[in-house]
Amino acid sequence: MLSHLECARCGREHDANAVQNLCHECASPLLARYDLTKAGRPTDENSLWRYRDVLPVRDPDPAFSLGEGMTPLIPLNALSRALDARILMKDESLIPTGSFKARGAAVGVARARELGIKGIKMPTNGNAGAAWALYAARAGLTSVIAMPEDAPLITREEVRASGAELRIVPGTIADAGKALADVDLFDASTLREPYRIEGKKTMGYEIVEQLGWRVPDVIIYPTGGGVGLIGIHKALQEMRELGWIDGKLPRLVAVQSTGCAPIVRAFEEKAPESRFWDDAYTSAFGINVPKPLGDFIILRAIAETGGTAVAVTDEQIAQDREEAARLEGVFLCPEGAATISAVRALRETGWLDAEDEVVVLNTGAGIKYPGVRL
């Protein structure tokens with residue numbers, strides 16, 4: 001049961017029933033906290049709502065769900081042989097709207113409706129805006145979405161189809177955020193509301209449940225805003241407190257492109273937070289975030305699990321995307337292919353052992369990126 005909200009930086013408690021964006025004290029992201037003594041085991045629902053006792057929606061409406069969650073965890077045997085590794089892929093391409101962003105949208109929009117919010121605004125690199133616009137339409141909320149002009153065309157069409165107002169702007173997601181300054185709606189951008197992360201953390205719950213309530217050695221995540229990585233870490237901590245897992249947590253790895261790698265630079269510099277990445281560009285649009293709002297939480301999660309951060313080139317991402325399709329028959333999104341490139345790089349340096357069980361996240365469907373050539 002949802003108990004309260006807690007600032008990720010200063011620890012200040014906030015009322016979970018109030019409509020809030022950031023901490024009143026230090027303007028940092030808020031995290032949902034639960035009375036875990038009242039949390040039961042997963043239900044038999046074939047969606048992320050099976051974990052309803054650790055989700056913030058008081059009374060989930062079964063009719064609202066589009067079946068988001070419970071995506072497959074698939075061994076990539078051919079790629080494992082090629083890279084001398086043990087790779088499992090959590091495939092988010094099969095989720096509604098074609099990306100893992102539907103998890104955050106499903107829970108975030110359901111909670112927004114429960115709190116009486118009538119409309120949302122959001123800057124996006126594409127998939128998040130598409131997911132939130134479509135789920136907002138389902139909930140009867142208005143939405144205004146801004147995205148960079150090089151965002152995938154299919155995500156633009158999803159937003160337009162939902163009836164949302166779409167604003168296309170030059171530059172990066174940071175510029176898209178500025179383009180919404182005149183919009184007087186609830187700001188649902190990354191980590192400016194506490195509930196998107198709650199939907200995304202269910203990836204962590206599912207991975208552990210699908211492995212028979214045990215954890216892998218390593219989880220590799222394509223990191224832009226980093227909400228998925230933060231959410232998986234949060235899920236692992238909650239499961240340990242619940243007694244569902246014990247022992248060491250998986251080492252968490254943030255992978256970025258060399259064209260936009262603020263988390264990698266901060267990790268290498270042992271800095272507590274990142275610096276803005278000038279002239280950011282990568283064909284893996286979802287990880288083109290020059291400075292994540294939750295950078296300090298990402299870096300904390302990596303440090304607490306003994307993980308790392310690695311940057312790979314767009315050229316290597318394209319090659320590994322092609323190899324994954326050829327060897328495994330899976331058409332990864334560019335961000336998902338970056339996790340394969342990370343396995344390659346970390347095996348070459350010896351950070352990954354051949355016997356490490358590695359879960360990589362394919363965060364979306366490759367067919368949503370027709371403009372990105374192999």
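A residue counts as buried when its relative accessible area is under 20%, as exposed when that area is over 50%, and as partly exposed in between. The structure discussed here is a predicted model. With the cut-off in mind, Tyr205 can be classified directly: its relative accessible area is 0%, and therefore Tyr205 is buried. Tyr51 has a relative accessible area of 3%, so Tyr51 is buried as well.

The ring centres of Tyr51 and Tyr205 lie 5.1 Å apart and the ring planes stand at 35°, which means that the pair is described as tilted. Distant parts of the chain are linked by this pair. Tyr51 is located in the loop between β3 (30-34) and β4 (73-75), whereas Tyr205 sits in helix α7 (residues 202-210), and 154 residues separate the two.

A second aromatic pair is made by Trp213 and Trp244. Their ring centres are 5.4 Å apart, and because their planes stand at 75°, the pair is edge-to-face. Trp213 is placed in the loop between α7 and β10 (218-222), and Trp244 in the loop between α8 (227-242) and β11 (251-257), so this pair ties together parts that are 31 residues apart in sequence. The two tryptophans fall into separate accessibility classes: Trp213, at 26% relative accessibility, is partly exposed, while Trp244, at 10%, is buried. One aromatic cluster is formed by Tyr51, Tyr205, Trp213 and Trp244.

Attention now turns to a pair of helices. Helix α11 (residues 314-328) and helix α12 (residues 334-349) have axes that come within 8 Å and cross at roughly 100°. On the side of α11, the contact involves Gln316, Ile317, Asp320, Arg321 and Glu323. On the side of α12, Pro334, Ala337, Ala338, Ile340, Ser341 and Arg344 take part. Sorted by class, the residues of this contact comprise five nonpolar, two polar and four charged ones.

At 1.5 Å a residue, its 16 residues should span 22 Å, and the C-alpha atoms at its ends are 23 Å apart, which agrees. Twelve of the 16 residues of α12 are buried, so the helix is largely enclosed by the rest of the structure. Among the buried residues are Pro334, Ala337, Ala338, Ile340 and Ser341, which also meet α11. Others, including Val343, Leu346 and Arg347, are buried too. Just after α12 comes Gly350, which takes a positive phi of about 90°.

Two loop residues complete the account. Thr97 belongs to the loop between β5 (86-91) and α2 (101-114). At 17% relative accessibility, Thr97 counts as buried. When residues up to four places away in sequence are left out, Thr97 touches Ala102, Ala131, Leu134, Tyr135, Glu158 and Lys368.

Ala179 lies in the loop between α5 (173-178) and β9 (186-187). Its relative accessibility is 24%, and Ala179 therefore counts as partly exposed. Again leaving out residues up to four places away in sequence, Ala179 touches Arg167 and Val169. From Met122, Ala179 is 57 residues away in sequence, and the C-alpha atoms of the two are 9.9 Å apart in space.

Note on methods
Residues numbered from 1 in each chain as written. Predicted model: local features only at pLDDT ≥ 70, side-chain atom pairs only at ≥ 80, totals over all residues. Heavy atoms only, no water. Axes fitted to C-alpha atoms, helices over the stretch in contact; angles between N-to-C directions. Helix = DSSP H or I, 4+ residues; strand = E, 2+ residues; numbered from the N terminus. Contact = heavy atoms within 4.5 Å. Nonpolar A, V, L, I, M, F, W, Y, C, P; charged D, E, K, R; others polar. Expected span 1.5 Å × (residues − 1). Buried < 20%, exposed > 50% of the residue type's maximum accessible area, 1.4 Å probe, protein only. Phe/Tyr/Trp six-rings, centres within 6.5 Å; stacked < 30°, edge-to-face > 60°.
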